[in-house]
2 protein chains.
Amino acid sequence: MTAAPEQPGDDVAARAGSYPKGVARRQEILARAIEVFAAKGLEGTSLRAIAEAIGVSHAALLHYFPSREVLLIEVLKANETRFRGDDADRDPTEIVGMMTNAAHRNVGIPGMISLYSSMLAGSIEDGKEYSREYFSQRFERLRAKLVSRIEEGQSSGTVRADLEPEALAALVIAASDGLQVQWLLDARVDIARSLELLDVILAPSSENPTTENS
Amino acid sequence: MTAAPEQPGDDVAARAGSYPKGVARRQEILARAIEVFAAKGLEGTSLRAIAEAIGVSHAALLHYFPSREVLLIEVLKANETRFRGDDADRDPTEIVGMMTNAAHRNVGIPGMISLYSSMLAGSIEDGKEYSREYFSQRFERLRAKLVSRIEEGQSSGTVRADLEPEALAALVIAASDGLQVQWLLDARVDIARSLELLDVILAPSSENPTTENS
DNA sequence: GTCTATAGGGCGATAGAC
DNA sequence: GTCTATCGCCCTATAGAC
């Protein structure tokens, strides 16, 4: 999110109300919304259902958020921010571990996985430019982050040098996303166990020294 | 699909109309629906939009399919069947190649990827038992298929023996699904290139002979 | 600035005419 | 077997109370 060239407050947040009370109430609504989604998933995610769970009218929600789509994406953004600077994110060496940790956090809030997957799938449709923009930037940012870690690992010799960082980054993210959905459908799927297999790709083998690219 | 214990015709297909003309018209509607989705994605997937594109009323659609949900899942099933027995599926040795081929086919019909992702995300919600059942069985069937190929590879020495077949199967499927979505959002993502990295996991290294499991 | 009340248009689904 | 008519719900928009 911070990878994009935008100031911290240059968000939709600034749009409603001037400043003193507007944003505070907005944050409050957002926080309540996160609770609701985390608990119930996007079961009955109509604006009216969300509004009722929060204790306001659906029109009040639209006073702070221009549309249902924007509200839901803001919930995802806010949830993401909650874990900013967690564990493995501070160790700029972790690659697979970064995704494993994120996945582990999400397992505690299946409703968020559901919301994320749903919005992601919907972001392809026409008229969902706000969603699409968010997910495009999110994937670009995540890939860039992983690419830089992979390249550092290749420089320091902890990661095989004959791997395309971009392709590997996309793979790790895709695996993490896909596994979370499979887990939702079948709890026997062990996300961490599967993700750890990716470390096999990363590890430099003895016959493939970290120098030499072909 | 055939992995589940069910006769060929024991489908929702048999439910509408007796037999002679009902199922024929049903198949016709299904075929037209596939074209519509393949071309336009699930842009305007309302029953009314689908009906208009096919040239009937939305009520007519509901005469052959009990609900929109069922219709859409049947479209996915029918699309899946179209490619039954393709290329790599006949080579019971291919593992990653099986998913690469499937992904390659889907890239030609982005609307189907979109439909698939959307229905998959929605299948978690309450009241979507039909979708959930389909995806649960689909994943179980795919994983089983891959597990058996992996185990054969491990027996014959073409696949590392120290890998959990179940975890690996889930990983390969997850990566394939996740990469297709990323590709929809950013065509620079190279699905095949990323999937091929998984072959690095599969390949037995010289220091890890295929015998010995721990 | 904040919110309630209300209205427009579209949706999935059903009932009943032909 | 296919249609029209209708129901209840949804998102969105807006007018105006406080």
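# Close-up views, one by one

**View 1. Phe139(A) is found in helix H7 of chain A.** Welcome to this predicted model, in which local features need pLDDT of at least 70 and side-chain atom pairs count only at pLDDT 80 or more, while totals for chains, interfaces and linings use all residues. Residues are numbered from 1 along each chain as its sequence is written, chains are lettered from A and ligands numbered from 1 in the order in which they are written, and side-chain values use heavy atoms, leaving out hydrogens and water. Is Phe139(A) buried or exposed? Phe139(A) has a relative accessible area of 3%, so it is buried (under 20% is buried, over 50% exposed and in between partly exposed, using a 1.4 Å probe and protein chains only). Setting aside residues up to four places away in sequence, Phe139(A) touches Tyr116(A), Leu120(A), Ile173(A) and Asp177(A), and also Gln182(B) and Leu185(B) (a contact means heavy atoms within 4.5 Å). Ala170(A) is 31 residues from Phe139(A) in sequence, and their C-alpha atoms are 8.4 Å apart in space.

**View 2. In chain A, Arg138(A) lies over the face of Phe139(A).** The distance from Arg138(A) to the ring centre of Phe139(A) is 6.0 Å (a charge sits over a ring if NZ of Lys or CZ of Arg is within 6 Å of the ring centre and within 35 degrees of the ring normal). Turn to chain B and you will find the charged end of Arg138(B) over the ring of Phe139(B), 5.9 Å from its centre.

**View 3. Tyr116(A), Tyr134(A) and Phe135(A) gather into one aromatic cluster.** How many aromatic pairs does the structure hold over all chains? There are four (rings of Phe, Tyr and Trp, the last by its six-membered ring, pair if their centres lie within 6.5 Å; planes under 30 degrees apart are stacked, over 60 edge-to-face and the rest tilted).

**View 4. Glu74(A) and Arg26(A) meet in a salt bridge, at 3.4 Å from N to O.** A salt bridge here is a side-chain nitrogen of Lys or Arg within 4 Å of a carboxyl oxygen of Asp or Glu. The pair links distant parts of the chain, with Glu74(A) in helix H4 (residues 68–82) and Arg26(A) in helix H1, 48 residues apart. Glu74(A) is buried at 3% relative accessibility, and Arg26(A) is buried at 2%. Lys77(A) also forms a salt bridge with Glu74(A), the closest N and O atoms being 3.4 Å apart. Because Lys77(A) and Glu74(A) are three residues apart in helix H4 of chain A, about one helical turn separates them. Lys77(A) is buried too, with a relative accessible area of 14%. Over all chains, the whole structure has 22 salt bridges.

**View 5. Arg193(A) reaches across to Glu164(B) in a salt bridge, with 2.7 Å between the closest N and O atoms.** This pair crosses between chains: Arg193(A) belongs to helix H9 (residues 191–196) of chain A, and Glu164(B) to the loop between helix H7 (129–156) and helix H8 (165–185) of chain B. Arg193(A) is partly exposed at 43% relative accessibility, and Glu164(B) is partly exposed at 37%. Elsewhere, salt bridges that share partners join Glu140(A), Arg143(A), Asp186(B) and Arg188(B) into one network.

**View 6. Glu125(A) is found in the loop between helix H6 (110–122) and helix H7 (129–156) of chain A.** Which side chain of opposite charge is nearest to Glu125(A)? That is Lys128(A), 4.0 Å away, yet the buried Glu125(A) has no salt bridge (Lys and Arg count as positive, Asp and Glu as negative; His and the chain ends are not counted). Leaving aside neighbours within four places in sequence, Glu125(A) is in contact with Leu42(B) and Glu43(B).

View 7. The same surface serves both copies, as 100% of the contact residues of chain A recur in chain B.

**View 8. Chain A has 10 helices and zero strands.** Both are DSSP runs numbered from the N terminus (helices are H or I, at least four residues; strands are E, at least two). Of the 214 residues in chain A, 52% are buried. Ala24(A), in helix H1 (residues 22–40), is partly exposed, with a relative accessible area of 41%.
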